[in-house]
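Here is a short report on one protein model. Look at the structure first, then read on.

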Amino acid sequence: MSILSCDGKEGLPPGFLELPALVYQDDPIWIPEDSEQVAAAFTPSNDYFTHGEAQAYCIPGKVRAVAFHEPDFRINNQKVAFFGYFESIGDPDANAALMQQIEAWAQERGARMLFGPIQWTTAHGYRLRLSAEPGALPFIGEPQNPPTYPAQLEALGLSVFRKYVTQLVPFERAKMGIQLIHPLRDALLAEGYRFEIPNSENWVRSLPKIYEMADAIFSQNFAYTKISYKTFAAIFTPMLLKRLCPHSSLIVFAPNGDPVGFGLGYPM
C-alpha cells in the first residue's frame, strides 16, 4: 500500500483531488469542493507558509489528509498539530497507515496533541458532523461528511475533544426576539447609527474594520489562529455577498461612519 505525500507548499500528491468524488458519489446533497481553489492553496503564494508547514498525504482511491503545524501555536501551553482535508472510503488499514504518517510528522515537530479535522485554521473548514435529525441539511460552512467518519477516526485512537450544536429557531420565536430589541435599535437610530444591507460597496469599504471585529469576536474560540488580512479578504470577497440573505444580513455604522457590528444570514 503506497502512501504518496508532498510538502504542502509544493502541491498535492496524485489522487488527492479525485478522492472526494469516490466518497460522495452516492450522496445527493454533496456540494463538490472546488478542486482549483484547493490546489491553489497548496502553493508558495499562500501566506500560511510564511509561519506554518503542511504535509499532504494520499493513498489513491482510499484515503487522504493533510497535516498542519505552526511552530509558535499552543493549546493549553502545549505544542499541537492539526489534520484536515480528511476523506476516506473506510478502509481501516489504509486509514491507519496514513494516520501513522501524520502522527509521526507531527511528533517530529514536537507536537504533543493532534486535533482535527481543521483545514489550515478554523477560519476555513473544520469539525465533523456527528449526528442530525432525519432529512436535516447542513448550513453553509458547516461540515458535511459521511456518518461513518466519527467511528473511523475513533478506530484510529482519536476521541471527541469539543462538541458543537446547531439550533433551529422557529420563525415565530425569532420574530419575538427581534421585537425585544426594537427599543435598542430605535435608540441607536436616534443617536445617528445606521443599519445597512451589505453590498459590494459598503462591504469592501468596511472590510478592514470587519477584519478587526472578527478577530475580537472569535479570538477566544478553541484552536483559533489569527489569519492575515490578505487571507481574510480572499475568503470574504464580494462573491460571498451573492450568497447572503438580504433580509437578515446587515452592517451597523456608528455616527462617525465606522462599522461597529455586522450579522450575516444565509437562505436555506
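This model is predicted. We begin with a pair of charged side chains. Arg194 and Glu196 meet in a salt bridge, with N and O 2.9 Å apart. Arg194 is partly exposed, at 32% relative accessibility. Glu196 is also partly exposed, at 24%. Why can such side chains pair? Side chains of opposite charge can do so when their charged atoms come close.

A search of the whole structure finds nine salt bridges. The table lists some of them.

| Salt bridge | N to O distance |
|---|---|
| Arg194 and Glu196 | 2.9 Å |
| Lys62 and Asp91 | 3.1 Å |
| Glu201 and Arg205 | 2.6 Å |

Take Lys62 and Asp91, whose side chains meet in a salt bridge. Lys62 sits in the loop between β2 and β3, and Asp91 in the loop between β5 and α3, so the pair ties together parts that are 29 residues apart in sequence. Lys62 is partly exposed, with a relative accessible area of 27%. Asp91 is buried, at 19%, because the cut-off for buried is under 20%.

Glu201 and Arg205 both belong to helix α7. They are four residues apart there, which means about one helical turn separates them. Both count as partly exposed: Glu201 at 47% and Arg205 at 44%. Salt bridges also link Glu53, Glu108 and Arg109 in a network.

Now follow helix α7, which spans residues 200-218. At its start, a side-chain oxygen of Asn199 comes to within 2.9 Å of the backbone nitrogen of Glu201. Where does the helix kink? The kink, of about 60°, lies at Leu207, shortly before Pro208. Several residues of α7 are buried, including Trp203, Leu207, Ile210 and Tyr211.

Next comes the interior. In soluble globular proteins, nonpolar side chains tend to be buried together. The largest nonpolar core here has 22 residues, and Phe82 and Trp120 have the most contacts inside it. The elements giving two or more residues to this core are α2, β2, β3 and β5. Apart from it lies another core, of 19 residues, among them Tyr24, Ile59, Met99 and Leu153. What does Trp120 touch beyond its neighbours in sequence? Its contacts include Phe42, Tyr48, Phe68, Phe82 and Tyr85.

Finally, the whole protein. It has nine helices and nine strands. Of its 268 residues, 36% are buried. It exposes about 15800 Å², and carbon and sulfur atoms supply 55% of that area. Its C-alpha atoms fill a box of roughly 70 × 45 × 35 Å along the principal axes.

Notes
Residues numbered from 1 in each chain as written. Predicted model: local features only at pLDDT ≥ 70, side-chain atom pairs only at ≥ 80, totals over all residues. Heavy atoms only, no water. Core = buried A, V, L, I, M, F, W, Y, C linked by side-chain atoms within 4.5 Å. Buried < 20%, exposed > 50% of the residue type's maximum accessible area, 1.4 Å probe, protein only. Contact = heavy atoms within 4.5 Å. Bend = angle between axes of the 7 residues up to and from the residue. Polar contact = N/O pair within 3.5 Å; in protein donor to acceptor, adjacent residues only side chain to side chain. Areas by Shrake-Rupley, 256 points an atom, 1.4 Å probe, with all protein chains shown as cover. Salt bridge = Lys/Arg side-chain N within 4 Å of Asp/Glu carboxyl O. Lists of a residue's contacts leave out its neighbours within four places in sequence.
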